[in-house]
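Subject: Structure handover

Hello,

Here is the structure I promised to pass on. Please open it next to this email and follow along.

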Amino acid sequence: MTEKDFIPVAYTNDKATGVVSYKAPSNIALVKYWGKKDHQIPANPSISFTLDHCATTTEVAYSKLEQAAGDFSFDLFFEGKSKEDFKPKIKTFLNRIEGYLPFLKSYHFIIRTSNSFPHSSGIASSASGMSALALCLMDLERELNPGMTDEYFNKKASFLARLGSGSACRSIEGDIIQWGNHKETQGSSDLYGIKYPYEVHEVFKDFQDTILLVDKGQKQVSSSVGHNLMHDHPFASRRFAQAHENLFKLQSVFEEGNLTEFIKIVESEALTLHAMMMTSMPYFILMKPNTLEIINKIWSFREASNTHICFTLDAGANVHVLYPAKEKDLVIQFIKDELVAYCENGQYICDKIGYGARKL
Ligand code: DP6
């Protein structure tokens with residue numbers, strides 16, 4: 001499919017008012033998206049586990065204007081309170097998607113949104129937030145064009161969410177989502193995420209993710225700035241090639257349930273992401289001393305316990321601890337005994353692989 005396939009022809013129905021609500025999950029990348037081209041096209045393909053508990057719930061109430069307005073007309077409430085400072089980001093998003101949803105200036109929207117996790121947790125809400133909003137707007141488009149298939153609905157929701165935030169396109173469906181052209185993955189696209197199309201061993205069906213909140217502060221570097229630093233980066237082309245290779249290696253890992261190889265790929269991806277940040281110009285370090293303490297503890301515990309615990313990181317200091325469900329009791333005890341001390345205010349979030357967004 002190309003961008004043109006997401007431009008609607010003509011709507012068959014009319015809809016004056018309505019309310020729709022979606023709960024969309026966050027996701028954690030195993031092979032990381034870091035670097036992008038114009039129009040939110042990723043520099044390399046990525047793959048993620050959809051999460052279950054960490055999610056954004058968004059309600060959109062819409063009413064048709066007597067006359068289409070010159071600009072977007074919307075009110076925004078975050079956790080019950082009017083949020084003027086979030087509006088520019090939403091406006092940028094609406095501008096980017098208007099060509100694909102031509103009705104946007106014909107309605108007034110009241111957007112109410114909230115997260116299941118604390119706003120100041122250092123967990124990015126852009127993936128779940130943009131996907132929840134994209135789904136609500138797609139629901140209105142489906143009212144206007146009821147013939148739409150579920151497959152098209154999900155693809156276009158992912159396509160629109162990507163234009164809000166790249167990783168958001170991986171937060172529509174579950175449980176493993178791949179985004180970005182990859183020659184060994186049938187159906188993969190730079191334009192939207194797809195459900196991972198090959199066999200996945202049952203050990204990955206209920207994988208756990210405990211998120212250790214090491215630093216709940218605001219991000220030091222926005223992801224847009226970070227992605228841009230991959231232009232003219234001395235190691236960029238090798239890194240992009242490595243992401244393709246890791247995705248290919250994951251195919252047999254997923255099929256066989258090979259946890260030893262899974263750990264190598266996932267931890268190497270996390271450290272490579274941070275290595276890219278440390279070797280860009282300007283350079284920066286987003287890990288904190290406690291991030292490193294936790295990583296070393298995980299490595300010692302893995303060796304001593306013969307479990308398959310591993311870690312991944314996003315563009316921040318928090319640590320995602322990944323492990324199979326059957327090792328949950330042992331790992332949670334280890335986290336409580338040895339890792340919680342490194343979390344800000346002892347905070348962590350227990351999450352697991354999830355199966356995608358839900359209409360409420
Ligand atoms: C490190 O999706 O937040 O989490 O497209 O600029 O909104 P924008 O970036 P964003 O980048 C996420 C980067 C990452 C890795 C990943 O999720 O793949």
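Helices (H or I, at least four residues) and strands (E, at least two) are DSSP runs, numbered from the N terminus. This is a predicted model, in which local features need pLDDT of at least 70, side-chain atom pairs count only at pLDDT 80 or more, and totals for chains, interfaces and linings use all residues. Residues are numbered from 1 along each chain as its sequence is written, and side-chain values use heavy atoms, with hydrogens and water left out.

Domains

The protein chain is divided into domain 1 (3-198) and domain 2 (210-352). The contact takes 34 residues from domain 1 and 40 residues from domain 2. Contact here means heavy atoms within 4.5 Å. The domain bounds come from an automatic or database domain assignment. The centres of domain 1 and domain 2, taken over C-alpha atoms, are separated by 26 Å.

Ligand site

Where does the ligand lie relative to domain 1 and domain 2? Both domains give residues to the shell around the ligand, so the ligand lies between them. The ligand is surrounded by 17 residues. A residue counts as near a molecule or strand if one of its heavy atoms lies within 4 Å of it. The closest are Tyr 33, Ser 165, Gly 166, Ser 167 and Arg 170.

The shell divides into five nonpolar, eight polar and four charged residues. Helix α4 (residues 223-228) gives the largest share of the shell, three residues.

For Ser 165, a polar side-chain atom lies 2.6 Å from an oxygen atom of the ligand. For Lys 36, an N or O atom in the side chain is 2.8 Å from a ligand oxygen. For Ser 223, an N or O atom in the side chain is 3.0 Å from a ligand oxygen. The protein covers 94% of the 460 Å² of accessible area that the ligand has on its own. Accessible areas come from the Shrake-Rupley method with a 1.4 Å probe, and for residues only the protein chains shown count as cover. A polar contact is a pair of N or O atoms within 3.5 Å; within protein, one must be able to donate a hydrogen and the other to accept it, and residues adjacent in sequence count only if both atoms are side-chain atoms.

His 227 lies in helix α4. His 227 is buried, with a relative accessible area of 4%. Buried means under 20% relative accessible area, exposed over 50%, and partly exposed in between (1.4 Å probe, protein chains only). Not counting residues up to four places away in sequence, His 227 touches Tyr 33, Trp 34, Gly 35 and Lys 36.

Other residues

Ile 28 sits in strand β1 (residues 17-31). Its relative accessible area is 0%, so Ile 28 is buried. Beyond four places in sequence, Ile 28 touches several residues, including Leu 51, Asp 209 and His 320. Ile 28 and Leu 51 are 23 residues apart in sequence and 7.0 Å apart in space, C-alpha to C-alpha.

Thr 291 lies in helix α7 (residues 289-305). Thr 291 is also buried, at 0% relative accessible area. A polar atom of the Thr 291 side chain lies 2.9 Å from the backbone oxygen of Ala 317.

Ile 110 is in strand β7 (residues 107-115). Ile 110 is partly exposed, with a relative accessible area of 25%.

Backbone points

Pro 282 is in the loop between α6 (259-278) and α7.

Gln 40 is not a glycine, but its phi is positive, near 60 degrees. Gln 40 is in the loop between β2 (36-37) and β3 (41-42). At 6% relative accessibility, Gln 40 counts as buried. Glu 79, also not a glycine, has a positive phi of about 50 degrees. Glu 79 is partly exposed at 39% relative accessibility.

Best wishes

How values were computed:
Nonpolar A, V, L, I, M, F, W, Y, C, P; charged D, E, K, R; others polar.
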